[in-house]
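Please look over the structure below before reading on.

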Amino acid sequence: MNFEGLDPGLAEYAPAMHSALDPVLDAHLNPSLLQNVELDPEGVALEALPVQESVHIMEGVYSELHSVVAEVGVPVSVSHFDLHEEMLWVGSHGGHATSFFGPALERYSSFQVNGSDDIRQIQSLENGILFLTKNNLKYMARGGLIIFDYLLDENEDMHSLLLTDSSTLLVGGLQNHIIEIDLNTVQETQKYAVETPGVTIMRQTNRFFFCGHTSGKVSLRDLRTFKVEHEFDAFSGSLSDFDVHGNLLAACGFSSRLTGLACDRFLKVYDLRMMRAITPLQVHVDPAFLRFIPTYTSRLAIISQSGQCQFCEPTGLANPADIFHVNPVGPLLMTFDVSASKQALAFGDSEGCVHLWTDSPEPSFNPYSRETEFALPCLVDSLPPLDWSQDLLPLSLIPVPLTTDTLLSDWPAANSAPAPSPRTMLDCRRAPPVDAEILRTMKKVGFIGYAPNPRTRLRNQIPYRLKESDSEFDSFSQVTESPVGREEEPHLHMVSKKYRKVTIKYSKLGLEDFDFKHYNKTLFAGLEPHIPNAYCNCMIQVLYFLEPVRCLIQNHLCQKEFCLACELGFLFHMLDLSRGDPCQGNNFLRAFRTIPEASALGLILADSDEASGKGNLARLIQRWNRFILTQLHQDMQELEIPQAYRGAGGSSFCSSGDSVIGQLFSCEMENCSLCRCGSETVRASSTLLFTLSYPDGSKSDKTGKNYDFAQVLKRSICLDQNTQAWCDTCEKYQPTIQTRNIRHLPDILVINCEVNSSKEADFWRMQAEVAFKMAVKKHGGEISKNKEFALADWKELGSPEGVLVCPSIEELKNVWLPFSIRMKMTKNKGLDVCNWTDGDEMQWGPARAEEEHGVYVYDLMATVVHILDSRTGGSLVAHIKVGETYHQRKEGVTHQQWYLFNDFLIEPIDKHEAVQFDMNWKVPAILYYVKRNLNSRYNLNIKNPIEASVLLAEASLARKQRKTHTTFIPLMLNEMPQIGDLVGLDAEFVTLNEEEAELRSDGTKSTIKPSQMSVARITCVRGQGPNEGIPFIDDYISTQEQVVDYLTQYSGIKPGDLDAKISSKHLTTLKSTYLKLRFLIDIGVKFVGHGLQKDFRVINLMVPKDQVLDTVYLFHMPRKRMISLRFLAWYFLDLKIQGETHDSIEDARTALQLYRKYLELSKNGTEPESFHKVLKGLYEKGRKMDWKVPEPEGQTSPKNAAVFSSVLAL
């Protein structure tokens, strides 16, 4: 509905317009309508009241059946008959929506859609209702719950929407474009330019989209391309309404007069078969709305704003006798709609009343409506009596009141023990506690304890007993996921949703339609979890967000084929380039699986163990933490830098002695061993991390002794213990006292928590409880129960400076870990450790003369926790405080914030959440503390270590490779690529693990785990110059992993091609070829290929989008299928490729030729319209051919031609 020709005061409705309603009734108002209705001067919506008197309806003639009040005094802006249920929806100028059920117009639901803007259009769907306001599209359930809320650009002014199919929506308005929105992903998929701006009405038939413009024109557009096919210039002023039925289009509107716009009493009627106007239809009312109401004939209903309604045939003459009057409460009718069954008409007026006219006493709104769900009435008073003598009577029939008190049936877990039976005896039986006398007299030698037998029990016999009220919990070795002893039915609801294990749901398109943005709204990159041994994703993120480690690793490059530091540097580079898209650690984990030490330490998990969660993830990640630091330390100590990678030597991190990993993580110590003979032995050593050692204490000790974390940490660093050691003086093993003194503290303090049994878990829980009581006592009445912050506090959230004056109880629960600790080296080689708070810093001042006094303050940077969830086998997540430099690079802002990293789920969190450990489901595993101002101590410049020499000729790994088998010519020095150069690329793959899928009951296939692919061949072809089309890289990738399928039909790879002993191909390592591609990406070349997205994903490369020219998308129309390279080559180039198998040289060269053809057809992209016609012909030809290339009679593939004969002479 267009309001340009009406009173300007109605176009912009304000509630103040009706602020002083007079209770005197309007002359047209039915007195029975407002019985018992109080007219509210504030314009607040009142109850809808049906007419009290019965109304006689004459069959076949439209008469008023009911009138109701939606909102008193607030004009109705839109009405809509529900297409699925017997309901009428009404939207108001105040942004309020109301629904009425059935012809009696009983109020069903009423809710606010928008607080400031009017509702402009309503569309019913199967599961809810779409509401369009000025710049907002909201999808809500019929009861009022929000399904999604899509906010458009604030500069948009939307007026109309059109549902083209069940999941696609077009939205138009006063701007010069129409937006297409996918309702499944709630994302904008297409934006169509509109030559004539101002689309206020949209209709659709099986031939065209119809767009009505504010200028008075109606445009007809193609259903597939949205291109204008025809245009009718209906009115000189503005368009009010139009409708389409069969081959007729009827429109009403305003014409320009000397005094302004005037309502035109001639309806314009057009014949869609001949695309021309027929005789205009003169009517006797001022038409504002019109609809076709086809029953026996194609009659039109024309409505004026004053309430007059006239029916007439579009090709006949209007009869004044066919006019009837709607009696609106207000002066104007604002909206009009017709039900799908054509039995009901709905009118909404400017005073908030809705009028229902029908042609039968019991109309239906739809031909086939489903049953409407209503709220269930209270059944308490109508419950039948219960017979207690019936044993099978369900006790759930007894209504129980809602209460916050403890119920009698809530037995403590300790008091609920199963009765002993022969079948359950083994399940209920638990190992008895060790006799206190044995513990008292025990002497430890190493990790083995010896004690005399007290003879209190028979040998190898113990009495059976049920678990006691204070029973101990199973150890981690018995129940791998439950060190805190959850019951037989664990309370899984305690695990917060964001901490649960995330999985990728695969469709027939793989990962292309999976919405990763739903899990990660930040610009940081997550890591995909479906790769074997991806349990270490959280630790990779921790290392990445350590700025000196990130820079050091990216500056490293060596010649080792499987170097973890090199692969980690490549992965860090991908994380740098990503803008929120997840990355894969394929190549890093591939190298990790080849390290013998990793397998010896049990760090390589089988797929079955990883899926079922049989491994103890907390112990596993702590061992992995020690392993990776040691491995990186060893890799950095390599002094011999090969000539091919000599660029790495220029790194600012390189030193002739110890590695920078050692400088960052290593702690220098003195180990003193004192024998009882008096001889003392002192030796120096270093360690990269510490393991927490908890105080000894009897399990019966429940006094709750308070230990600061700093005390436990000092005890773990300066460890004193009695053990057997070799004494050179006594020349035998003797009991010795071993002490440890610290010479130099590390810059990054790494701590393994070792919470591997219920004893350590109980210790953390007890200390958290004691700390909570002390904090409550300290703060007194200042603690708030609810976690409410002022606006200024939210700005400080997550930063070390952000101090909340009044902490909440929720923030203090389950907290024992400090955010900062202070360490001081004493003159007698001692170490003082204490918890450091912001209050201490205000008292003592920040970082007082560290170098002079040996005082260091460490801030918590990351915590890695083990999430206990027996449904999924548990998982590992990390809390990481992301520094200013990372936010500056990604978001252009300078601040610090704590984030949760759960594989590809990344979410900002409160800093207190990083130190809260509910031992029932969240167990700490690893802690990282860093020195204050750590980044200022290191040079953080990154110099790309990959040089052009990687593209020069190299020897093949294959023993049988001959010069005659060479399929490529390496680049000369004068051919080195420059920025913007074209390179044709194609890759072939083999399968390492088959896809895991299940067949559902409805016959559809669900992918549980995709097949694991490995790159087998990579080809790069020159894209310009005299040797254009000649490959300069054609590497077959050697693999040590078992190949289950060579995919010869699609890859051209045969068994033996990847084996260095028998292969005749140019065989290289994956790292060697990866460096070549990385150099080409870094130099800025543009890759041309077909389906490059999958190629780069399997190769594990992140390529900027402006460096990828993919022929899959160049020759693709929206909402159409992707076209194969084979069909494109046949259609555009008259080439028949991929006859028996695929060949990467042939495919890369063909992609280059197709790109040249694209530039030719589109005139270098300057004529999209002409190229669109070419694509249209392509798709028409494809449909006729069923997308199959005709079989050739005597085909000679381009790859068999003597292409290289003239070039081999070079």
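Lysine 342 is partly exposed, at 23% relative accessible area; the term covers values between buried, under 20%, and exposed, over 50%, computed with a 1.4 Å probe on protein chains only. This is a predicted model, in which local features need pLDDT of at least 70 and side-chain atom pairs count only at pLDDT 80 or more, while totals for chains, interfaces and linings use all residues. Residues are numbered from 1 along each chain as its sequence is written, and side-chain values use heavy atoms, with hydrogens and water left out.

Lysine 342 lies in the loop that joins strand E28 (333-338) to strand E29 (344-349). Helices (H or I, at least four residues) and strands (E, at least two) are DSSP runs, numbered from the N terminus. The phi of lysine 342 is positive, near 65°, although the residue is not glycine. Most residues other than glycine have a negative phi. Glutamate 754, also a residue other than glycine, has a positive phi near 55°. Its place is the loop between strand E38 (748-752) and helix H13 (758-779), and with 27% relative accessibility glutamate 754 is partly exposed.

Next comes an open sheet of four strands, in the order E10-E11-E12-E13, with antiparallel pairing. Two strands pair if DSSP finds at least two bridges between them. The edges are strand E10 (158-165) and strand E13 (187-193); each has a single partner strand, so one side of each lacks a neighbour in the sheet. From one strand to the next the twist averages 25°, an angle between N-to-C directions, on a scale from 0 to 180 degrees, of lines fitted to C-alpha atoms. Strand E12 (residues 177-182) and E13 are joined by six bridges in the antiparallel sense. Aspartate 182 has glutamine 187 in E13 as its bridge partner.

Helix H7 (residues 586-594) is largely enclosed by the rest of the structure, because seven of its nine residues are buried. Among them are Phe588, Leu589, Arg590 and Phe592. The cover over the buried residues of H7 includes helix H4 (537-544), helix H10 (617-636) and helix H20 (1070-1083), where contact means heavy atoms within 4.5 Å.

Last, the cysteines: the whole structure holds zero disulfides, a disulfide being a pair of cysteine sulfur atoms within 2.5 Å. For cysteine 252, the nearest cysteine sulfur is that of cysteine 263, 7.1 Å away. Cysteine 252 is buried, at 0% relative accessibility. The sulfur of cysteine 677 is 3.5 Å from that of cysteine 730, its closest, which is too far for a bond. Cysteine 677 is partly exposed, at 40% relative accessibility.
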